[in-house]
Amino acid sequence: AVDVRKLRSTTGYITYDEGFGNTGSCQSEITYIDGEAGILRYRGYPIEQLSENCRFIDVAYLVIYGELPSTAERARFSAALTEQAPLRAGMERFIQNFPRDAHPMAVLSSSLNALGAYYPHIASNNHQRDLEHFDEAAAIALSKVRTIAAHTYRVSGGLPLNYPKKSLGYAENFLHLMFSVPYDEYNATPEVARAINLFLLLHAEHEQNCSTSTVRMVASAGANLFASAAAGVNALWGPLHGGANQAVIQMLTAIHEAGDDGSKFLEDAKNGKARLMGFGHRVYKNYDPRAKIIKGSFDAALASLGITNDPLLDIARNLEQAALSDDYFISRKLYPNVDFYSGLIMNALKIPAEMFTVMFAIGRMPGWIAQWHEVASNPKAKINRPRQIYVGPAKRDVPGFGE
Ligand code: ACO
């Protein structure tokens with residue numbers, strides 16, 4: 001067998017894999033993906049079964065702790081999330097001090113990082129010490145990401161903050177925090193709560209995508225959960241990653257406003273003048289199983305919300321149909337990804353487009369927590385430190401030096 005370390009030190013040999021398309025950066029027990037077959041499993045359980053039978057917090061527990069919770073475990077986990085839902089007054093002021101038009105992802109990443117400062121015993125940047133309080137840290141991150149998100153939305157609209165209610169479940173509390181107004185409490189219908197639960201659990205984990213790799217990269221240097229997750233949020237914000245769900249709605253709206261049925265836009269996408277947002281995936285070379293589930297639940301969800309006619313949905317369906325029978329997309333194996341339809345569900349739930357990627361971040365928090373834990377609890381974990389291929393100038397002398 002080749003000793004790669006020796007080879008590297010004696011020959012300078014390194015592998016070059018642009019965009020890490022074929023590089024396994026770690027071993028992980030959390031998520032299995034077969035991109036060719038369109039298979040996704042969390043801890044061995046198929047995503048189709050989980051989305052049919054579980055709520056988000058059950059899946060979050062599974063992703064973080066490795067097993068679906070028993071009744072007693074679910075009750076304990078749920079109580080911990082309820083206890084951790086409110087923010088300290090200083091954190092509330094921190095969020096209120098942002099300009100109203102700040103992008104919620106900027107507020108979220110800063111707030112998650114700031115959150116660690118309030119809990120020095122779990123954000124000590126000493127993995128051993130941080131792990132002693134892991135359950136508390138996980139509950140704080142998972143519960144408070146939702147409160148931060150909702151407070152951010154309230155501040156952006158100049159609205160007073162709402163406070164979490166002990167009687168409500170995770171999704172219902174989120175909707176209450178977002179939408180309740182004095183004398184008119186928002187009571188989520190079971191259909192709306194189900195749609196939020198589904199959205200969140202479909203995003204709970206997805207192995208070494210850009211944001212999760214970022215979380216692991218930061219964690220590999222010994223950083224705490226909050227610092228690592230904040231970095232993940234920044235990676236997620238990009239339009240080629242989580243920001244795509246916002247970009248899809250903007251794309252569909254622009255197509256609609258231009259009076260196009262999608263066909264002109266598709267031509268632009270094929271000519272490299274535009275990118276069909278919500279299509280294509282680094283790993284899935286087949287229909288993204290999460291997109292399939294969202295699409296399958298779409299009609300029922302919209303009907304339950306009383307929406308029978310959505311011009312953006314018509315355009316999305318046209319685009320999908322045309323793309324899936326077009327050589328450009330077929331030959332490149334470009335299929336709808338989870339972001340293609342998820343924004344339309346969020347739209348129907350009256351969640352503003354700027355909050356879509358924040359919703360993705362709430363959903364992805366269990367994955368980031370679990371992946372951080374894998375790094376922090378691995379005594380053999382190494383700092384992540386890729387190499388590069390240097391293509392700059394050869395050695396040259398500063399004028400006045402050399403001959
Ligand atoms: N629209 C049009 N053409 C596309 C698209 C698209 N959405 N995606 C890929 N292509 C084309 C590329 O131009 C390229 O064509 P070429 O071979 O003629 O140069 C070919 O397909 C391969 O594309 P790459 O960009 O090399 O694929 P990569 O794996 O690097 O990118 C990505 C994957 C970023 C998801 C890409 O498909 C994309 O930009 N999609 C739109 C953004 C999006 O929906 N992102 C969400 C991803 S899912 C998630 O983060 C949850």
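Guide: Let's start with how helices get picked out: helices (H or I, at least four residues) and strands (E, at least two) are DSSP runs, numbered from the N terminus. An axis is a line fitted to C-alpha atoms, for a helix over the stretch in contact, and angles run from 0 to 180 degrees between N-to-C directions. This is a predicted model, where local features need pLDDT of at least 70 and side-chain atom pairs count only at pLDDT 80 or more, while totals for chains, interfaces and linings use all residues. Residue numbers start from 1 along each chain, as its sequence is written.

Now for our spot. Two packed helices are described by the angle between their axes and the distance between the axes. Here the pair is H11 (residues 210-220) and H19 (residues 356-376), whose axes come within 9 Å and cross at roughly 35°.

Who does the touching? Two residues are in contact if their C-beta atoms, placed from the backbone, lie within 7 Å. On the H11 side you'll find Ser211, Thr212, Val215, Arg216, Ala219 and Ser220. H19 brings Arg364, Gly367, Trp368, Gln371, Trp372, Val375 and Ala376. Sorted by class, that contact has 6 nonpolar, 5 polar and 2 charged residues. For the sorting, Ala, Val, Leu, Ile, Met, Phe, Trp, Tyr, Cys and Pro count as nonpolar, Asp, Glu, Lys and Arg as charged, and the others, Gly among them, as polar.

Lys350 counts as exposed because it has 11 C-beta neighbours inside 10 Å. The cut-offs: 20 or more other C-beta atoms within 10 Å of a residue's own make it buried, 12 or fewer make it exposed, and anything in between is partly exposed.

Gly243 belongs to the loop between helix H12 (225-237) and helix H13 (244-257). With 20 C-beta neighbours inside 10 Å, Gly243 counts as buried.

The protein chain comes to 19 helices and 3 strands, and 44% of its 403 residues count as buried. Its C-alpha atoms fill a box of roughly 80 × 55 × 50 Å along the principal axes. Among contacts between residues at least 6 apart in sequence, 76% join residues at least 24 apart.
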